[in-house]
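Here's a quick briefing to read alongside the model. Have a look at the chains first, then come back for the details.

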Amino acid sequence: MNLFFLSILIIVSGGVLSLCLLTRFTQMKMVAVGLIGSGCVIGLVDSLYKLFHPVSYMASFNYLNAFAISFETDGLSAFFLVPIFFVSLLAAIYSFHYMNNPGESLKTAVNYLFFGVLIASMAMVVTASNIITFLLSWELMSLSSFFLVIHNHGSPANRRAGYLYFVFSHVGAMFIFAAFGVMYSYTGSFDLITAATLPESLKITVFVLTFIGFGSKAGIFPLHVWLPHAHPAAPSHISAVMSGVMIKTGIYGILRMYMLLDLNTPLLGEIVVTAGMISGILGVVYALAQHDIKRLLAYSSVENIGIILIGMGIGMIGVSSGNEFMAVMGFAGALLHVMNHSIFKSLLFMGAGMVIHKTGTQAIDAMGGVLKKMKVTGFCFLIGSLAISGLPPFNGFVGEFFIYMGGFKGVGLDKTAFVLSHLAIISLAVIGGLAMACFTKVFGVVFQGEARSTYKHTLEEKEPAMLTSMIILAALCVVIGIFPGIFFHMALKGVSALGLGLGDVPMEPFLTMTGNITSSAFLFLCIFILIFALRTRLFKGKILAKAGTWGCGFTQPTPRMQYTGSSYGASIIDFFKPVAPLKENHPPVSGVFPKTTHYHSQIEDIAEVHMGNVIIRPVLWLFDKLRFIQHGDIHLYIGYILLTIIVLLFFV
Amino acid sequence: MMIKPLILYVLAMLSAPFFSAVILKVKAFFGGKKGPPLLINYYTLIKLFKKGAVYSTSTTLIFKLGPMVSLCAALTVLLFLPMGGYPSVLSFNGDVIFIFYLLGLGRFFTIAAAMDTASPFEGMGAAREAYFPIICEATMFMILVLLYKLTQDLQLNAYFSGAQPAGLWSIAGSPMFFVLIALFIILLTENSRVPVDDPATHLELTMIHEVMVLDHSGPDLAFIELGSFYKLFFYSSLVARLVFPFKPGHFMLNIGQFTLVLFMVYVAVGVIESVMARYRMDKVPKFVLTSFVLAFFATIITLEFIR
């Protein structure tokens, strides 16, 4: 455990030291990135070692003799620690050139401070072994990420996004508190492990409460509302960490609770799969409808959380119906997708950050032609897009492949299990198709074609730190896609720690499956090389002419004539009209000499709309009526405190 | 054992352009014309291979990658295709998932190559190419669920080679009939045939696949054409095998009957193209959804009545 604490200490010290070096901007960044980075490397090495040597590593500290702060690392924790440290490491490197405004020295230093705290708290969340430690780390994580979201607090939209995130993470935390409260009142112990002793009915209550609580962090529909607001507001490397790994702590929480509660009812799998299908499909539909590149990526995270939940749900159904293969496939596929998503989503956020940095806009329909000038970013983004669309031979395919295998196994079962596995398979297929539409849109409109507006800076790639991070992530997308073996083994270690009654799941039975993916990927590459050779041969000595794009007879094309992202997605969105209503703002053209008019279209998120109508308005109304309590008179406030104490003393 | 599938693979690679010409011939017949020779596609390919190419100034490397990747995906998929009752060259547990995702990879690059040209028409075609296959994919996986339920296996070989799908017909005839129609609708949609898309139309606004390749020329266009021949061959072989699920015994006889049935499938596509008009764009999703509904019914029937 010592290396783990050492890494956390180094990471936090990197954040704190940056505050001391305010006046020297570059040195400050070097110290912060260097310390956070090296802390992450130590943590990464340590967690990889622990993952492959699965013993429980424990450490406990007593604070003021009131309660113990204790940590424990098993396979599941170690599995989640790997992406946490890895993505944070690359995000830290990326930030070195991303945070490049010496005039904002203080803001940058504060950003590094909270970044360090965020990494440390995420690592603590997945290793906490009692209620107090867990909640402490959880709150630390929520608060530090809140401060990171409002990094650019000058703009009202960002402050609003931060506020929304604050509300959501605390309402979510409230549910977790409630669940732990129920647990504590029954067991009287702070240890998480005692959850197994709860009676069956309480277990379900606790699971549902934590599912809501962790779900709001993970971004499960309809609790995802904060995500599309917070991600565009945060700096890109922070979005990468938040979307890539922080929301996965929600998934970790659900998995951990599932493991601790040790419930064998089919209900859990049913809840999780259903939530997964809804998040997956609606997430990607909303993603397709977005005009802002970072909002789009945020919705796409909702979709991927959906895929992960589908995998977990299939695993849970497998467990409750006693189908071991299905259980292992579902959970391993889900865990693999957790890792894969952390890789390609942070890659995409970093790529988007690079583009936004140069073009000075986040609007997809204002961009275009970026690939011609920014080749490295463009091709990294392309690899990320292919991976997130779940296409072989990239890593996104691998996780989905195993989830499919589990799902098909479930088709062999009866009744509810059959229906849900069936629906899960169809949903995965639809999600895959929609994700492809979504990312061909982003790539096609942002990177390809011609520029649709004039950009803020010249498009050039002079930031080696940012490029390095993206290249490493893109390379990993390909490596996992072609050689999934070792990574699947890591996922299996995580599954073993879940304690499904399977002991240490051996790798051998699955070697052929991962081997098949490797050999078919190789086969594909071989055929590709042959075709490439043929093409080179065919073009040998030929004259290649350059001309304008065929305008179908029109001779004066302008970049404004290009198909926009909004039109690209329009017909698909129209298909999903009931869940994705289109709101148009378009004053009619009138009069003999019509004035200039405008057109604004937006796809409404039904969760956001209904949550506003059903929950927020009544709550606001109620609180408005209760305003008289807050009168500003200190005497009465002291009275309230006294009254509360008396009530607590005598009646509870 | 491996030699027969390999022979079939090579034959398929060589003969796919011929079969596509059958459609043209049928259409010409219905139009009262003589039509192009049956070897027209070979002549076109050779002509295109000999040519140079013109590239739009808007395009990037992706534009050149597109044709290569889509051809590569189609060729790889053919390796997994069981033909004439013989097993495919390659197969593994779960290969169906790999196959349909690989076709998705080909589509991704076709779309990306179209978006690369900055042409409004190609963007429009790309948007449609991204839309309709989503429904096809849902149908395909619905069919796979059904076939898995019947065979407990996840390989094309298990459904289309050896004693299958004759065995499937005998245990689940009515669902298989629905599957056949659904698969035929997928064939028409995925390969951009009438009534989803008209490959012979002259107005760019109404095209799907053809408009996406407007700017490709020379060997690049040849690759695209070849890729689409193979893709059509893949789906047609599946349909042909479903229509005539038997295996006469002798290798030559086997190939003969398979070729004949395959020929009939292409003729059917040609006939549909001759007697029907393309649907209005907003009607197309409904047409494709029909296949989904059919596959759905097939699954329900299997679940309720067939054990």
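Chain A is assigned domain 1 (265-519) and domain 2 (604-652), with bounds taken from an automatic or database domain assignment. The centres of those two domains of chain A sit 41 Å apart, going by C-alpha atoms. Heads-up: this is a predicted model, where local features need pLDDT of at least 70, side-chain atom pairs count only at pLDDT 80 or more, and totals for chains, interfaces and linings use all residues. Residues are numbered from 1 along each chain as its sequence is written, while chains are lettered from A and ligands numbered from 1 in the order in which they are written.

**Chain B fold**
- Chain B has twelve helices and one strand, counted as DSSP runs (H or I, at least four residues; E, at least two) numbered from the N terminus.
- Its radius of gyration (over C-alpha atoms) is 19 Å, close to the 19 Å that the globule rule (2.2 Å times the number of residues to the power 0.38) gives for 307 residues, so chain B is as compact as a globular protein of that length.
- The order along the sequence is α-α-β-α-α-α-α-α-α-α-α-α-α.
- Some 61% of chain B's 307 residues count as buried, meaning 20 or more other C-beta atoms, placed from the backbone, within 10 Å of their own.

**The largest nonpolar core**
- This core has 329 residues, and A:Ala332, A:Cys477 and B:Ala295 touch the most other members; a core joins buried Ala, Val, Leu, Ile, Met, Phe, Trp, Tyr and Cys residues through C-beta atoms within 7 Å.
- Helix H5 (residues 120-151) of chain B gives the largest share, 21 residues.

Definitions and conventions. Buried ≥ 20, exposed ≤ 12 C-beta atoms within 10 Å, placed from the backbone.
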